[in-house]
Amino acid sequence: MTEALHNQTLEILRDNQKPAEARLQGVCDLLQSEIPHYDWVGFYFRNGQKPELKLGPYAGDPTDHTIIPFGKGICGQVALSNSNFVVPDVSAQDNYIACSIHVKAEIVVPIFVRGENIGQIDIDSHTPDPFGPEDEKFLESICAEVARIL
Ligand code: SME
């Protein structure tokens, strides 16, 4: 993760000329195209008052999993745990929702608005065990900025 890419991401998010949805789409497109081990990049948000997540903007192959109940899969677990979830090998997870047979690893980082977990960024990778502390730091910074525009 370069400083330049981090800055470019923040610039997209701070572009007041565009609606939030378009800015989030821009972030997904940028990260998916620029970071080799980010094969699918998307946002899930709490679906109103329901205990489920709804797919927001994403870049990568379309997924059938547009609604994920809290507790289900990696995403649904993060909705309840309020913690980052780094999965080096998805085949070792019992509570996992497969989106594509190519996915080997996943990272999910929650988004907090006024202390409340309102959604998350989800990255799938076709590379085994590609995510390190620098990914967590980078994505936490992005999520903090996303929280400011929601
Ligand atoms: N694998 C996720 C489902 C979402 S897709 O990766 C896009 C999960 O287990 O929650």
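**Helices, a strand and two loop residues**

User: Where does Asn-82 lie?
Analyst: This is a predicted model, where local features need pLDDT of at least 70, side-chain atom pairs count only at pLDDT 80 or more, and totals for chains, interfaces and linings use all residues. Residues are numbered from 1 along each chain as its sequence is written, and side-chain values use heavy atoms, without hydrogens and water. Helices (DSSP H or I runs, at least four residues) and strands (E, at least two) are numbered from the N terminus. Asn-82 sits in the loop between α3 (73-81) and β4 (85-87).

User: What is phi of Asn-82?
Analyst: Most residues other than glycine have a negative phi. Asn-82 is not a glycine, yet its phi is positive, at about 60°.

User: Is Asn-82 buried, partly exposed or exposed?
Analyst: Buried means under 20% relative accessible area, exposed over 50%, and partly exposed in between (1.4 Å probe, protein chains only). Asn-82 has a relative accessible area of 38%, so it is partly exposed.

User: What is the relative accessibility of Arg-114?
Analyst: Arg-114 is in the loop between β5 and β6. Its phi is also positive, near 45°. Arg-114 counts as exposed because its relative accessibility is 81%.

User: Which elements do the buried residues of α4 pack against?
Analyst: The buried residues of α4 are Asp-135, Phe-138, Leu-139, Ile-142, Cys-143, Glu-145, Val-146 and Ala-147. They pack against α1 (3-13), α2 (20-34), β1 (40-46), β5 (105-113) and β6 (116-125).

User: How do α1 and α2 run, roughly parallel or roughly antiparallel?
Analyst: Axes are lines fitted to C-alpha atoms, for helices over the stretch in contact, and angles run from 0 to 180 degrees between N-to-C directions. Angles under 35 degrees count as roughly parallel, over 145 as roughly antiparallel, 65 to 115 as roughly perpendicular and the rest as oblique. α1 and α2 pack at about 160°, with their axes 8 Å apart. That makes the two helices roughly antiparallel.

User: Which residues of α2 make the contact with α1?
Analyst: On α1, the contact uses Leu-5, Gln-8, Thr-9, Ile-12 and Leu-13. On α2, the residues are Arg-23, Leu-24, Gly-26, Val-27, Leu-30, Leu-31 and Glu-34.

Definitions and conventions
Contact means heavy atoms within 4.5 Å.
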